[in-house]
Amino acid sequence: MTSDPNRPEARAPRGFIDRRARDVVAERAILAAVSGVYERWGFEPLETGAFEYADALGKFLPDADRPNEGVFALQDDDEQWMALRYDLTAPLARFAAQNWETLPKPFRRYAFGPVWRNEKPGPGRFREFVQCDADTVGSARPEADAEIIAMAVEGLEAAGLPAGSALIKINNRKLLNGLMSAAGVADEGQKLAVLRAVDKLDRLGPDGVRLLLGEGRKDESGDFTKGAGLNAAAAERVLAFTAAGAGDRASTLAKLADVVGGSAEGDEGLAELAAIDAALTGLGVAADRATFDPSVVRGLEYYTGAVFEAELLLSTLDEKGQPMRFGSIGGGGRYDDLVARFTGERTPATGFSFGVSRLASALKAAGRDLAKAARGPVVVIAFDQTRMADYFAVAREIRAAGIPAEVYLGSSGMKAQMKYADRRLSPAAVIVGEDELAAGTVTVKDLDLGRVLASKVADNAEWREQRPGQQTIPRGELTAALRRILDAG
RNA sequence: GCCGCCCUAGCUCAGUUGGUUAGAGCGCCAGAUUGUGGCUCUGGAGGUCUCCCGUUCGAUCCGGGAGGGCGGUACCA
């Protein structure tokens, strides 16, 4: 493929993608809308650097054998390991710890930007992607969780998700912890295995999860996943717990109380959920927007209390036209121990984050494609290399009227220039040839109109003769004519 | 990480039971149309058939290895 072996192959690294105007514009629109909502709720923007010292990132601390496990890490010239951030929460914890003395507390901030994960990319999964994240640090009140949830609902709808098409499902880690303590599960590893098993409920169903809670499960490829090793009775209790969600928040709470009530930690979790329910009600968030669902886990070790997940409810079609579940578009929860890693003092915190391009695909699936096709500028045809200054003067005039414009800067003939303008989806081409310069006129060609008429004309001679959408007008009327074309489109 | 499938033009893919000039469609460039985007027609550019080693008189094709891609599974802050 490459004739010269020394020549580099033009390709992006695996898991990294180039995004063109269409996607960039759509994602910017999402970020602008969500930022507006978050600021209205009193969250301030914060930007931190792409790199953090590896020890600040926590458990993915690279060692000499596997310096890049999970993250992109490198050694600074002072030998310290640093790594690209893999989310926006860890840098926030570091920032909050570093500036705790001077920060207004509780500290409310939102942030967005690229994060990097050094792992196997998959469909819709990349090694670099943009996250948007809002957190409150320094408030242990369940109302802080409720506020984050209500704000997420508003943010997702402001970004363009049709009202009610996303549901925030809320759970509390303390419930499952209480349940497991009651069942005699004390080992941390075993608890994690239980969480992982429950997390797979929507994909594997109760039977698959039952296997994972017990001895383990062999999948279709023959790979065996070791189970949590619970006895049958304990496994059934866990399954009964996960099935307790349904209906409005109050009745779910009542059912959950039956299953986990009694243990100290379970009761604490129940009380927190009750407070969240009350706050959400006050914030006007009904059960069709946020509900309790005991099967939500969010796999993360660091969550200590409430956890939540935003799920897209719309049934969407994949490329083959098959209905598919879009699933989770974001999530979050309470992590009271993250800042303590730096300060030694337990600092309550809660937050929500979502992947921006994932939300963009969700919007597309919901039929709210903000992107449309990115329109090109008005193209001023470059006729004669010696008259470039005249063309630039025309382009300048168009820009001054607030209309994007450019002079064609290639070296091809007029035909290719028209083709260029067509491909850029330009609304119009402006022709200022010798005739026009002599007469003090300009020729404006409405390319949109031509695009419509093209389908009705079969014969090329006729097509050329018609010059669809083309008019020659006095130079002084140029911008007004362009404005009419733009307004019509 | 583990399992499976795949790798021929920019893209999607034919093809050669191992034999001399490897094809198509789309895309790209140009001409028909000397100042005009679409359609049509004509012409053109573009390939060490992923790489290395082996078998063979001869390998894009067979065997081994490596790399890359895809799918599943595990992990997922």
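The structure holds 28 salt bridges. The model in which they occur is predicted. Three of these pairs are described below, followed by the chain as a whole.

D135 and R109 form a salt bridge in which the closest N and O atoms are 2.4 Å apart. Because D135 belongs to strand β6 (residues 128-137) and R109 to strand β5 (residues 107-116), the pair links parts that are 26 residues apart in sequence. D135 is buried, with a relative accessible area of 1%, and R109 also counts as buried, at 1% relative accessibility. Elsewhere, R375, D422, D448 and R451 are joined into one network by salt bridges that share partners.

A further salt bridge connects the side chains of E154 and R40 (3.6 Å, N to O). E154 lies in helix α3 (residues 142-159) and R40 in helix α1 (residues 21-40), so this contact ties together parts that are 114 residues apart in sequence. Here E154 is partly exposed, with a relative accessible area of 30%, whereas R40 is exposed, at 62%. In the salt bridge between R19 and E27 (3.2 Å, N to O), R19 is partly exposed, with a relative accessible area of 35%, while E27 is buried, at 7%.

Chain A contains 17 helices and 20 strands. Its radius of gyration is 29 Å, whereas a compact globule of 489 residues would have one near 23 Å. The C-alpha atoms fill a box of roughly 95 × 55 × 55 Å along the principal axes. Buried residues make up 47% of the 489 residues. The mean positions of the 61 positive and 71 negative charges lie 5 Å apart.

Terms used
Residues are numbered from 1 along each chain as its sequence is written. Chains are lettered from A and ligands numbered from 1 in the order in which they are written. This is a predicted model: local features need pLDDT of at least 70, side-chain atom pairs count only at pLDDT 80 or more; totals for chains, interfaces and linings use all residues. Side-chain values use heavy atoms; hydrogens and water are left out. Helices (H or I, at least four residues) and strands (E, at least two) are DSSP runs, numbered from the N terminus. The radius of gyration is taken over C-alpha atoms; the globule rule is 2.2 Å times the number of residues to the power 0.38. Buried means under 20% relative accessible area, exposed over 50%, partly exposed in between (1.4 Å probe, protein chains only). Lys and Arg count as positive and Asp and Glu as negative; His and the chain ends are not counted. The place of a charge is taken as NZ of Lys, CZ of Arg, CG of Asp or CD of Glu. A salt bridge is a side-chain nitrogen of Lys or Arg within 4 Å of a carboxyl oxygen of Asp or Glu.
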